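Hello,

Here is the structure I promised to pass on to you. Please open it beside this message and follow along.

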Amino acid sequence: MTSVSIEIEVPSSFPADKVFKVFSDFDNIAPKVNPDVFKSIETIEGNGDVGTIKIFTFGDAVPFTSGKYKVDVIDTSNFSYSYTFFEGDSLMGILDSINHHIKVIPTNGGSIFKQTVIYNCKGNDKPSEDILKAEKEIYEKTYKGIEAYGAAHPDAY
């Protein structure tokens, strides 16, 4: 099986625990800060813990309508979270799955939000460089929006 990946790294002036806490509310915040990409995110099975299944309904800014994913790992002590898309047109007809690995790394005076996205291909077809670049830009924009939302609502996080 062929795979390709992208890496997103965004520095933050906020501490890792605060960034992780705000990011943990992604389902509620992402549609507010980037509604053109994320129309809604709904839990369809589970309570948010490992094994929970959610469905993304995408907005008009992306060429997909939906994607279903499963929460694989939540490690609050190490500020990491992983999930896998396994169904929907977000797999573009050429992917078996898409793995997302998120880690917030503490630094002096802040943190770094790091996300690795691995596209697991069914065969030799891979997402184009244009799609990978666009997805990376979407993740960076969404992260910055989530961070700004957290800063504007400090009492909530």
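First, some ground rules. This is a predicted model, in which local features need pLDDT of at least 70 and side-chain atom pairs count only at pLDDT 80 or more, while totals for chains, interfaces and linings use all residues. Residues are numbered from 1 along each chain as its sequence is written, and side-chain values use heavy atoms, with hydrogens and water left out.

Helices (H or I, at least four residues) and strands (E, at least two) are DSSP runs, numbered from the N terminus. Buried here means under 20% relative accessible area, exposed means over 50%, and partly exposed lies in between (1.4 Å probe, protein chains only).

Two strands pair if DSSP finds at least two bridges between them. Strand 1 (residues 3-12) runs antiparallel to strand 7, joined to it by 10 bridges, and Ile8 stands opposite Gln115 of strand 7. Strand 6 (residues 95-107) is also antiparallel to strand 7, with 12 bridges; Thr107 has Gly110 in strand 7 as its bridge partner. In the hairpin of strands 6 and 7, 2 residues lie between the strands, and Gly109 takes a positive phi near 80°.

Val10 sits in strand 1 and counts as buried because its relative accessibility is 5%. Leaving out residues up to four places away in sequence, Val10 touches Ser111, Ile112, Phe113, Glu140, Tyr143 and Lys144 (contact means heavy atoms within 4.5 Å).

Ser82 belongs to strand 5 and, at 10% relative accessibility, is buried too. Its side chain makes a polar contact with the side chain of His101, at 3.0 Å. A polar contact is a pair of N or O atoms within 3.5 Å; within protein, one must be able to donate a hydrogen and the other to accept it, and residues adjacent in sequence count only if both atoms are side-chain atoms.

Asn124, in the loop between strand 7 and helix 3 (129-152), is exposed, with a relative accessible area of 69%.

**Cavities and a pocket**

On a 1 Å grid over the protein atoms alone, a cavity is a set of points where a 1.4 Å probe fits but cannot get out; a pocket is an open set with protein on both sides within 12 Å along at least five of seven lines, and lining residues have an atom within 4 Å of a point. Grid points are joined across faces, edges and corners, and a volume is the space filled by probe spheres set on the points.

The whole structure holds 2 cavities of 30 Å³ or more. The largest cavity has about 220 Å³ of space. Of its 21 lining residues, Phe38, Phe58, His100, Glu135 and Tyr139 are the closest to the centre. Helix 3 gives the largest share of that lining, 6 residues.

The second largest cavity has about 70 Å³ of space. Its lining includes Phe14, Phe23 and Tyr143, and helix 3 again supplies the largest share, 5 residues.

The largest pocket contains about 180 Å³ of space, and among its lining residues are Phe20, Asp25, Lys54 and Tyr83.

Happy browsing!
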